[in-house]
Amino acid sequence: MLLVIMPLIKLENVSKVFGFGDATSLALDSINLVVQKGEFVAVMGPSGSGKSTLMNVIGLLDKPSYGNYVLDGKSVARLRSNQAAKIRRDTVGFIFQSFNLLNRLNVLDNVALPLAYRGFSISKRTKLASAMLSRVGIAHREYFYPSQLSGGQLQSAAIARALVNNPKLIIADEPTGNLDSVGSRLIMELLTEIHQMGNTILFVTHNPELTRYASRVVYMHDGAIVGDETTPYGDVAKIARKVMYNTLHKTDDDDYAGVSLLMHTLSDNLMIKKKDKKRNHKNNHLKKSLKVKKRSKQ
Amino acid sequence: MRPAILLGELKTGIEVLFSTKWRNLWTILGIVIGVSSVIIVIAIGEGIKQQINQQINMIGKNNLVVQPATINNSSASNSTSIFNLFDHLSFLGSLTNADVQVIKSTSGISNTIPLSVINDKIVGQNGIYKNGVVVGSNAGLAKLLNLSISYGRFLSNNSLITNSVILGKNAALAMFNEDVPLGSTAYINGQPFIVEGILHTITNIPLAQPVNFNNAVFINYNEAQSLTNNSAIVYEVFAQLSHPSQINQIRNLLQQNLDAANGNQRIAVVSPATQSSTSSKHILNLLTQLIAGVAAISLLVGGIGIMNVMLVSVAERTHEIGIRKAIGATNRQIVAQFIIEASILSFSGGILGIILAYAITGIILLFTSIRPVVDWQVVLFASLLSILIGIIFGSIPAFKAARKIPIDALRATT
């Protein structure tokens, strides 16, 4: 028996053009990308490099202007909106930076919504959604409304919603962008857990630290993929490390922007001095009050 | 679309609509007014028809009714329109005493009961009585129209008893200080009449009779004619048949005799049991059509209101539509969601309209002599109609919502 391993995602020369005439901008520039089943891909790059556009095209929220896209063995670059909706429903789970839960529905109904669109009965979808919520660890918040939850809990609920249809692909566009460090860790560990169960995950991030969780890191710049490396779990990816530790060095970009390194460092120093002054002032105040107390005792 | 989805959408739809309930309440006002006016108008029409039918049944099968011919009783019976509505209301012409004599002398007729009205001055203990009219008839009228006597007796056919007057309930109260003014004297056109009977309150049938019997005073037909020198207006003559089985022959004979005495078609002979198209029914149908048209316009305006509020709702919830599409809602499911919301909106308007209609018909029942009849079929029709309005007027906003491109909708800030 011949076993053909088919990639889950295969982008061939995919381009995306926004606007027309003189205002045309190239958001994606001939992207070629193959993602196998079970990969945990981090997509990095500066703002405006086309990361989100790439996610939208891969998640069938947007159509590529040119090129070919095969998702799970089906060519999906030129689908009608209804067909795209069905594939989104059955194959893709979305996690957004701003959570995008429906505020009018409680957490349980939010998580059950993809099942509703699939035509499950109310009892069945409630059961499945409830199970998924306990899997992401917020079973005790089932009947809360999104406005009553913390950021980490909201994103957990959003992950439960993305997972409830058992999708082959999970796309997370800066899932930790609105979270503090505790929430970020919670969410990334949740995603890692899901990945270890065999799901394919694509996520966009600005935080080089988060590449520790990924098995592969893709770098984008001006709509093109400029770097692609596999990275062991637990280590910051090589190029990400550069981004992390080189921020204080003067780059070509800084020159173009007319921002000198001196300005960066100067302003940082100034900030420190101000803080020190404040601290000293406080201390003086304390000392004075102590003196007053001593005097009164005498 | 499976029922499970519909149920879920119903639930969320109701929740969504409750979140903007004041705006929605004002929006459905048009539907409320439209639905309630449809129900009320049909209920009033139905009520009056039933009252007329009751009266016809009361008059029974062995009577003919002779009326001045109106347009719809002749060849132009189906051409009644808004333009000659007022001709009907003015009730063309009348019968004369000569006609009454013709009817009396026609063979096969055992008894005639004329109904005439004269507008002479009535003076009671409290001075001139202005609200009522004098009805000239005879003893048969009480039995025919089921008038019941509360005190004394009704008119008599005995020629020895003269100058007696029977008072309607309200007339008795207005003309005299006593509760039971039997034996008192009332003056009609200067002539003294003795009060010999007082009637119970009579349920008046709107549009079906020329005078309000509660306000009327009744005297003998012959005396009414002599008071007015044979010029009293005779509105109707009821002719009792000696052989009810020959009703058609007698009617034709009577019609021939009357036509021979007068010009053609001036007088119509109607048998209430077989011919139901009386002029009052025509007026009623016409009014019903007219007000139903107004109600339809009101429903149309209400529907447009719902369309507008749904368009606003779609614009406000663009982001929500984006989320729903991102997690896999098809265009059809988005359309269904918004159409269901619009239908809930208009249906609740329909329900409120039905409640309002019941309340108003209750008030009509309490304070007027109209007896409205609310049919369950009409209520069902009204509720279905309101749902239909929601579906029709909700579909434009719904398709607008479904056409949104998911990525653009997701980027919307609301």
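Reply: Gladly! In chain A, strand 9 (residues 216-221) and strand 10 run antiparallel and are joined by six bridges. Strands here are DSSP E runs of at least two residues and helices are H or I runs of at least four, numbered from the N terminus; two strands pair if DSSP finds at least two bridges between them. The model is predicted: local features need pLDDT of at least 70, side-chain atom pairs count only at pLDDT 80 or more, and totals for chains, interfaces and linings use all residues. Residues are numbered from 1 along each chain as its sequence is written, chains are lettered from A and ligands numbered from 1 in written order, and side-chain values use heavy atoms, leaving out hydrogens and water.

Me: Which residue stands opposite Arg216(A) in strand 10 of chain A?

Reply: That is Thr230(A).

Me: In what order do the six strands of the open sheet in chain A lie?

Reply: The order is 6-7-8-3-9-10, with mixed pairing. Strand 6 (92-95) and strand 10 (224-230) of chain A are at the edges with a single partner strand each, so one side of each has no neighbour in the sheet.

Me: And how exposed is Ile33(B)?

Reply: Buried means under 20% relative accessible area, exposed over 50%, and partly exposed in between (1.4 Å probe, protein chains only). Ile33(B) has 46%, so this residue is partly exposed. Ile33(B) belongs to helix 3 of chain B. Of the 414 residues of chain B, 50% count as buried, and the chain has 14 helices and 12 strands.
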